[in-house]
Amino acid sequence: MRRSKVEARSERADLRGDTIAAVATAPGIGALAVVRVSGPQAFPIARRAVRAHGAGDGGQGSETTWPPVARRATSVTLIDAEGAPLDSALVTVFPGPYSATGEDVVEFSVHGGAYIATTLLTTLVRAGARPALPGEFTERAVRNGKLDLLQAEGIADLIEARSAATHRAALRQLGGALSRQLETLRSALLDLEALLAYDIDFPMEDDGPIDRSRILASATQLETTIAQLIGTFPQAALGRDGAMVVLAGPPNAGKSSLLNALVGEARAIVSEIPGTTRDAIEVLVDAQPWPIRYVDTAGLRVSEEPLERLGIEVSHRRLAEAHLVLACAEDEASLGRTVAELATRTTAPIVAVWTKRDQDDGPIDAPGVVRVSAQTGVGLDALQTVIRAALAMVTPEPTESLPTVTRARHVASLAVARGEIGAFREAWEAAALPAPVAATHLRAAVHALDELLGGIDVEEILTRVFRTFCVGK
Ligand SMILES: Nc1nc2c(ncn2[C@@H]2O[C@H](COP(=O)(O)OP(=O)(O)OP(=O)(O)O)[C@@H](O)[C@H]2O)c(=O)[nH]1
Ligand SMILES: [Mg+2]
């Protein structure tokens, strides 16, 4: 049976007083694994996994003082639920509120591999901890005011970053750049509201103490800033997915060989049989300012073969989405035809690439054409330079003056705020609404920004955001 949203929500909220535990590191073999515990019972629960000092060695030595000195890694022997030795590990305790979650936190740093960490987790659960839900540690940090929601999303983005661009944006967001920008906007909105309140309290003073044009100017300014912020969103997709460079041309032109040469590894199958590549092969290569997604496509030709035709349809779709197209062909006449045909399939700039330069003794350079050999590597540097220059023309510079918004959630809330401020401005300009009514638009805009920051009671938003996190985070 489907649970209602309200049930799911309050269920999660009801779990807040629990002490939670999770393996925070990725599963698999590694040198170390980290197990975290957070909650009011973190210290007594964690203690059950730690052997009292001296126990089992003839009773010599003293008891480990528990909890150990705060925020200092302490060497301990871990035991399983039956009391058998499990590992020698480091434990660090962080008494709340001076911890990542704001609650009492214990972090075990154990030897890696599947057995120790999961057995430790089992011991902790038997001692009363509950396995954490995805993102629950970070959720608690937000609820306890350690982070705002945008910073929490910054952590998720940081973990997921696969390019320098995404990493940079995530670090900025975690550092609070977007939060501060929104706080500034929010406080400007509150100032506007305050001015209006004055107007509401003293309505009889025609053109009295408040300056109508000043209100108009600041509303317009706020709208502009929000529009600029929304305008940074495409950069998030570019940082994540890369600028798309599509290699296209007739079968056997050497596209797959060129892709392999450009990315420096054999990612696409190469053969002398025309029609080798069927599906689009994509390789993301990190680059500045944006990563590049090279896409090798099926050779373009009229084919009766159903599989090949599907591949050619995929080629057409990729061409329509490309930031840049490399038109590849192995002789000059075919290259001319290829460029002309591709121009009907894409609006992206097209670089004419004359392949297999090692094979013939044609001209070394032809105007408007880059000559390369995937086999010998000749011309590859020149091609890379051309690709970088062409991409610089079609992709935006990363904005330095404004933080970037990275999620559809941000855009949606900002769009609401902008819409409300716009409605307010229009009403104010036309003197169409009485000030108290116009002011409700500003309230709604502030509310939209609060939702973004997660600063108000936004149970559903929190639940939605943290569902996408990994366990142990
Ligand atoms: N001499 C020489 N041969 C090349 C070069 N690049 C590719 N070839 C050969 O050309 C043939 C086709 O290469 P592919 O890279 O598979 O060509 P493709 O354009 O991907 O072909 P399809 O996937 O069928 O559309 C293979 O036999 C390659 O070894 C090159 O730079 N020099
Ligand atoms: Mg191919």
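Here is a short walk through the structure above, stop by stop.

Keep in mind that this is a predicted model, in which local features need pLDDT of at least 70 and side-chain atom pairs count only at pLDDT 80 or more, while totals for chains, interfaces and linings use all residues. Residues are numbered from 1 along each chain as its sequence is written, and chains are lettered from A and ligands numbered from 1 in the order in which they are written.

**Stop 1: the strands**

Select residues 32-38, which make up strand β2. Helices (H or I, at least four residues) and strands (E, at least two) are DSSP runs, numbered from the N terminus. Of the 7 residues in β2, 5 are buried; buried takes 20 or more other C-beta atoms within 10 Å of the residue's own, exposed takes 12 or fewer, and partly exposed is in between, with C-beta atoms placed from the backbone.

Two strands pair if DSSP finds at least two bridges between them. Zoom in on I20 and you'll find S38 of β2 opposite.

Next, bring up residues 105-111, strand β5: this one is also antiparallel to β2, joined by 7 bridges. Stay on S38, because V105 in β5 stands opposite S38 too.

**Stop 2: the loop between α2 and β3**

Go to the stretch between α2 (42-47) and β3 (74-79), where P67 sits. Check the W66 to P67 peptide bond: cis, with omega near -5°. R71 is in the loop between α2 and β3 as well. Its phi is near 55°, positive although R71 is not a glycine. Is R71 buried or exposed? R71 counts as exposed because there are 11 C-beta neighbours inside 10 Å.

**Stop 3: the loop between β7 and α10**

Pick N252, in the loop between β7 (243-248) and α10 (255-263). Here is another non-glycine with positive phi, near 70°. N252 has 21 other C-beta atoms within 10 Å, so N252 is buried.

**Stop 4: the loop between β8 and β9**

Select P289, between β8 (281-285) and β9 (292-296). The bond joining Q288 and P289 is cis, with omega about -5°.

**Stop 5: ligand 1**

Finish by showing the 23 residues around ligand 1; a residue is near if its C-beta atom, placed from the backbone, lies within 6 Å.
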